[in-house]
Amino acid sequence: MGHIHQKVRLRAEKAATVRMLVDTGATFCVIPPRLARALGIGRPRRFVTVRLADGRRLRLGADVATLRIDGREAPATILVGEVKEPILGVEALEALGLVVDPRRKRLSPSRPYAVRLGGYR
């Protein structure tokens, strides 16, 4: 199928538009420390231990950022770690209502995107 990349607007304290690798094997988004600092994530609020595909465990900083893709916007967990390129994980894809379309090699809507405002019942 090849790799799929997506232009994503990330917003924490500051904002940046970056090209991210879509990784359906990654639960969370992972960004390098330099990008985290550019977004104003100097010191992550908390740390989590994650298991990598090769079985190793790694402790990474964790924070939250808002992601925007093609007019869809949602908060997502952002892990800060030494990656060659920013990774877009499935938690963010689900929150945004997007899935990988392998034939077209791009992201496509999995459901209509709507935000319902108002009180809870």
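Which strands each supply at least two residues of the lining of the largest pocket? Select strand 4 (46-51) and strand 5 (57-69). Strands are DSSP runs of E, at least two residues; helices are runs of H or I, at least four; both are numbered from the N terminus.

The model is predicted: local features need pLDDT of at least 70, side-chain atom pairs count only at pLDDT 80 or more, and totals for chains, interfaces and linings use all residues. Residues are numbered from 1 along each chain as its sequence is written, and side-chain values use heavy atoms, without hydrogens and water.

**Core**

Next, select Leu 10, Met 20, Ile 31, Leu 67 and Leu 88. These have the most contacts inside the largest nonpolar core, which has 26 residues. Such a core is a set of buried Ala, Val, Leu, Ile, Met, Phe, Trp, Tyr and Cys residues joined through side-chain atoms within 4.5 Å. Buried means under 20% relative accessible area, exposed over 50%, partly exposed in between (1.4 Å probe, protein chains only). Elements giving two or more residues to this core include strand 1 (5-11), helix 1 (33-38) and helix 2 (90-96).

Now show a second, separate core of 7 residues; Ala 26, Ala 62, Leu 79 and Ile 87 are among them.

Centre on Leu 10. Its contacts (heavy atoms within 4.5 Å), not counting residues up to four places away in sequence, include Met 20, Ile 31, Leu 35 and Leu 67.

Move to Gln 6, in strand 1. Gln 6 is buried, at 12% relative accessible area. Not counting residues up to four places away in sequence, Gln 6 touches Val 18, Arg 19, Met 20, Val 22, Ile 69, Asp 70, Leu 88 and Leu 107.
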